[in-house]
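Visitor: Please show me the structure, and then let us go through its annotated site.

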Amino acid sequence: MTTTPFGRMVTAMVTPMKPDGSIDYEGVARLANHLVDNGHDGLVVNGTTGESATTTDEENVETVRAVVDAVGDRCAVTAGVGTNDTAHSVRAAKALAAVGADAVLVVTPYYNKPTQAGIVEHFKAVVGATDLPAMAYDIPSRTATPLASDTIRELAKIDQMLAVKDAKGDFFEATKLMNETDLLWYSGDDVSNLIWLSLGAVGLVSVVGHVAGNEFRAMIDAVDAGDMTRARELHTRLIPAIDALMNTSQGAIMAKAAMADKGVIDSDFIRLPLLPATDDMRARLREGLSESGLS
């Protein structure tokens, strides 16, 4: 079996909030326990799906603390520390390591469009701020700057940089990098989970895992066992759910709606500029979950 400090069935958690917009830390702990009880051996906290763009540094510390206290003895807790300000990310990494994070997730700096050389130096500084293992997040649809293959080769030379969360989807180039480096590859796009696993990815960092953790865990196990028929069956069964969560609106919006609908969290409040799911979106979500046998 593949061993990894991040876990293999990993979900990027939403951050439960109260109707007044404050973070519901009891809800954070309840959600973390729910996920670990349903197929997860890893969680990402304070990622994009956790609304990291609109949460404060202090809130991020308390959210990680709540997850570590709730499930830190049962799963790996990876803290999102990526920003487009290197000094800010360094401070975040140190603060979240201090409250018990097991690893850090570092996204390519967004909006300011650094050069590839600047990206490498950014990762070196952030990863070097602690002794924790790190995962690079490559998602050019949000950052505007993809990680070039030579940049990933440079990142692989950083001792603590152990993994890539890939939401870029250049499958052939990724297979070359998996072959050339020791980096662990993770699917960062639920639509492509089975593709990534079949090509050698060790796991998933999911959004749909909020509702399908056990099923994705079974998919990972099936691929490990060489049972691609079973893995394809699971993929096919989950298509309506993946479509409903990822293609109706936006991942955090729909994952919060799903968790609130199932009673796992008390409210689907989400901070502006995001808006809660509409009634039509909720109807499509329920239909997709029902078709996938997840209702």
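**The annotated site**

Guide: Lys165 is buried, with a relative accessible area of 6%; buried means under 20% (1.4 Å probe, protein chains only). This is a predicted model, in which local features need pLDDT of at least 70, side-chain atom pairs count only at pLDDT 80 or more, and totals for chains, interfaces and linings use all residues. Residues are numbered from 1 along each chain as its sequence is written, and side-chain values use heavy atoms, without hydrogens and water.

Visitor: Which residues does the UniProt annotation "active site" cover?

Guide: The annotation comes from an unreviewed UniProt entry, and such annotations may be inferred rather than shown by experiment. The positions are spread over 29 residues of sequence but cluster in space, with a largest C-alpha distance of 4.7 Å.

Visitor: In which strand is Lys165 placed?

Guide: Strands are DSSP runs (E, at least two residues), numbered from the N terminus. The run holding Lys165 covers residues 161-166 and is strand β6.

Visitor: Is Tyr137 buried or exposed?

Guide: Tyr137 lies in strand β5, residues 134-138. Its relative accessible area is 7%. Because that value is under 20%, Tyr137 counts as buried.

Visitor: What is the length of the polar contact that joins the side chains of Lys165 and Tyr137?

Guide: A polar contact is a pair of N or O atoms within 3.5 Å; within protein, one must be able to donate a hydrogen and the other to accept it, and residues adjacent in sequence count only if both atoms are side-chain atoms. For the side chains of Lys165 and Tyr137, the value is 3.4 Å.

Notes. Helix = DSSP H or I, 4+ residues; strand = E, 2+ residues; numbered from the N terminus. Buried < 20%, exposed > 50% of the residue type's maximum accessible area, 1.4 Å probe, protein only.
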